[in-house]
Structures are given as structure tokens and as C-alpha cells.
Amino acid sequence: MRTMEWKQQETVKMSLPTKQWHYALLVEDIEVDGFHCESYGIMVRDAETGEEAVVRHITVNGSEALALLGKVAKLAVSPVTLGDVIEDYLGQ
């Protein structure tokens, strides 16, 4: 599995201290019925605590993975909520 660091995002909430998240695209080589391709996932890490969440094998479409990563970063998704956000996305 390869990790491609992509974006660092700071979020500011009125009553909470500023948080800093690191977002990365995960790339894994997989084989299905003799066909080789790349599978993409997303990782979010809290820069302060080191808490990390990883969702693997979201899609095999690189463009879709990058677009989703952009949305996750723009919405400042935390490690705690990443799984729920991806589950909702896949349920569309």
C-alpha cells in the first residue's frame, strides 16, 4: 500500500480550538480474477493527537478517488467521522 500525502486542512469552530487534519490518498495494487488494478482509499490523521482513520478499497477509479478526497478535505472530515462519511457516499 502506498500513501500519497495530499492536503493539510485547518478547521476553526466557534467554541472549539483550531484542529489540523492531514489527508492522504491510499493506493493499493489488487488482483481480481487475474486482472491487476489500483484500489484507492482515504486516510485522515489528527496532527495533534495522531489519531488516524483509514478506509480502504473505496473505488478503482482514480479521478473519483481524488474528487472524493477533495470533498472530504473541504468538509474537514475528522478521523472519527470518516467511516460514516464514506459509507454515506457509497450508499448514494
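Modeller: This is a predicted model. We may begin with glutamate 28, which has a relative accessibility of 11%.

Biologist: Is glutamate 28 buried or exposed?

Modeller: Buried residues have a relative accessible area under 20%. Glutamate 28 has 11% relative accessibility, so glutamate 28 counts as buried.

Biologist: Which side chain meets glutamate 28 in a salt bridge, and how many residues apart in sequence are the parts that the pair ties together?

Modeller: The partner is arginine 56, at 2.7 Å from N to O. Arginine 56 lies in strand S4 (residues 52-59) and glutamate 28 in strand S2, so the parts tied together are separated in sequence by 28 residues.

Biologist: Which residue pairs with lysine 19 in a salt bridge, and is that residue buried or exposed?

Modeller: The side chain of lysine 19 meets that of aspartate 46 at 2.8 Å, N to O. This pair links distant parts of the chain, with lysine 19 in strand S2 (residues 16-32) and aspartate 46 in strand S3 (residues 35-46), 27 residues apart. Lysine 19 is partly exposed at 22%, whereas aspartate 46, at 4% relative accessibility, counts as buried.

Biologist: What distance separates the closest N and O atoms of arginine 45 and glutamate 52?

Modeller: Arginine 45 is partly exposed, with a relative accessible area of 23%. Glutamate 52 is also partly exposed, at 45%. A salt bridge requires such atoms to be within 4 Å, and in this salt bridge the closest N and O atoms are apart by 3.6 Å.

Biologist: How many salt bridges does a search of the whole structure find?

Modeller: Side chains of opposite charge can pair when their charged atoms come close. Across the whole structure, the number of salt bridges found is three.

Conventions. Residues numbered from 1 in each chain as written. Predicted model: local features only at pLDDT ≥ 70, side-chain atom pairs only at ≥ 80, totals over all residues. Heavy atoms only, no water. Helix = DSSP H or I, 4+ residues; strand = E, 2+ residues; numbered from the N terminus. Buried < 20%, exposed > 50% of the residue type's maximum accessible area, 1.4 Å probe, protein only.
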